Amino acid sequence: MQDLSSLYAFLVVGSLLSITPGPNMIYVISRSITQGRRAGLTSLGGVIVGYLFYMFGAAFGITAFFKTQPHAAQILSACGAVYMGWLGWSAIRPSGRSPLEIRDHLPREHTGKLFAMGATTSLLNPKLALIFLTLLPQFIDETQGQVLEQSLFYGGILIAMFAGVNAGMAMFSGSMASFLARKPALLLAQRLLMGITLLALSAEMALQALG
C-alpha cells in the first residue's frame with residue numbers, strides 16, 4: 001500500500017512533468033497539426049513504446065542500485081535536483097518556447113511509418129531515462145521492500161499521465177495552437193509557472209541529497 005501523501009505529491013510532480021515540452025510532445029503536436037488527429041494518435045502509440053522501454057529499464061536499474069549502494073537515495077536525489085533544475089531553467093529562459101508555437105509542416109506519412117517514427121523519437125530521447133531514473137526514487141520507500149514493484153507502480157502512473165496529456169494534445173492541438181497564437185501572455189505565464197515550480201522541486205531534491 002503506497003503512502004497517500006507520497007502518492008499525491010507524485011501525482012502533482014508527474015502532472016507538471018507531463019505538460020513540460022519535450023521531443024515527444026513536439027513530435028505528436030506537429031503531426032497532429034500537419035496531418036490530423038489520427039496521425040497524432042498513431043504517432044503517440046509509437047511514443048508509448050519508448051515510455052515502456054525506459055520505465056522497465058529504470059525500474060530494474062533502480063532496484064539493483066538500491067541493493068548495491070548504501071547511499072542510493074541521496075545520490076539519485078542529487079541527480080534529480082540537477083535535472084529538474086535544468087528543466088526549470090529551460091522553461092523560464094528568455095529563448096524558451098511552447099510546443100504549440102510550432103511553425104514547421106512535416107510531410108504526410110502512412111500509418112506504419114508514423115508509428116515507427118514515434119517509437120524512434122521516443123527511444124532516442126535520453127531525457128526519458130533521466131526522468132524515470134531521477135524521479136521515481138524520490139517516492140520509493142526502500143524500508144518497505146519491493147523496490148521493483150514500487151518502481152513499476154509509479155512508473156505506470158507516470159506513463160499514464162504522459163500518454164493522457166499527449167493524447168489531448170493530439171486531439172486538440174490544432175485548435176489550441178490557433179487560440180494561443182492570439183494569447184502570447186498565456187504562453188508566457190504557463191512557461192514561467194512551470195519553470196518556477198520545477199526549480200522549487202530541484203531545491204527540495206537538493207536538500208534531500210544533502211540530508
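## Ground rules and overall fold

Helices here are DSSP runs of H or I with at least four residues, strands are E runs of at least two, and both are numbered from the N terminus. This is a predicted model, where local features need pLDDT of at least 70, side-chain atom pairs count only at pLDDT 80 or more, and totals for chains, interfaces and linings use all residues. Numbering starts from 1 along each chain as its sequence is written, and side-chain values use heavy atoms, with hydrogens and water left out.

On that basis the protein has eight helices and zero strands, so to speak a plain α-α-α-α-α-α-α-α when read along the sequence. Of its 211 residues, 45% count as buried (under 20% relative accessible area; over 50% is exposed and anything in between partly exposed, with a 1.4 Å probe and protein chains only). Take contacts (heavy atoms within 4.5 Å) between residues at least 6 apart in sequence: 86% of them join residues at least 24 apart.

## Ile-92, in helix H4

Ile-92 belongs to helix H4, which covers residues 72–92. Its relative accessibility is 26%, so Ile-92 counts as partly exposed.

Leaving aside residues up to four places away in sequence, Ile-92 touches Arg-191, Leu-192, Gly-195, Ile-196 and Leu-199. With Leu-199, the separation is 107 residues in sequence but 9.8 Å in space, C-alpha to C-alpha.

## Helix H1

Helix H1 takes in residues 4–18, and its 15 residues should span 21 Å at 1.5 Å a residue (the expected span is 1.5 Å times one less than the number of residues). The end C-alpha atoms of H1 are 20 Å apart, which agrees. The buried residues of H1 are Leu-7, Phe-10, Val-13, Gly-14, Leu-16, Leu-17 and Ser-18.

H2 is mostly covered, with 10 of its 13 residues buried; among them are Met-25, Val-28, Ile-29 and Arg-31. Just after H2, Gly-36 takes a positive phi of about 105°.

How do H2 (residues 23–35) and H5 (residues 111–123) pack, and at what angle? The angle is about 155°, with the axes 9 Å apart; axes are lines fitted to C-alpha atoms, for helices over the stretch in contact, and angles run from 0 to 180 degrees between N-to-C directions. That makes H2 roughly antiparallel to H5 (over 145 degrees; under 35 is roughly parallel, 65 to 115 roughly perpendicular and the rest oblique). From H2 the contact uses Pro-23, Asn-24, Tyr-27, Arg-31 and Gln-35, and from H5 it uses Leu-114, Met-117, Gly-118, Thr-121 and Ser-122. By class, that contact has four nonpolar, five polar and one charged residues (Ala, Val, Leu, Ile, Met, Phe, Trp, Tyr, Cys and Pro are nonpolar, Asp, Glu, Lys and Arg charged, and the others, Gly among them, polar).

Helix H7, residues 147–181, holds Gln-150, which is buried at a relative accessible area of 3%. Gln-150 and Phe-139 are 11 residues apart in sequence and 8.6 Å apart in space, C-alpha to C-alpha.

Phe-162 is also found in H7, and at 4% relative accessibility Phe-162 counts as buried. Not counting residues up to four places away in sequence, Phe-162 touches Gly-14, Leu-17, Ser-18, Tyr-51, Leu-128 and Ile-131. Gly-14, Leu-17 and Ser-18 are buried residues of H1. Between Phe-162 and Met-25 there are 9.0 Å in space, C-alpha to C-alpha, and the two are 137 residues apart in sequence.
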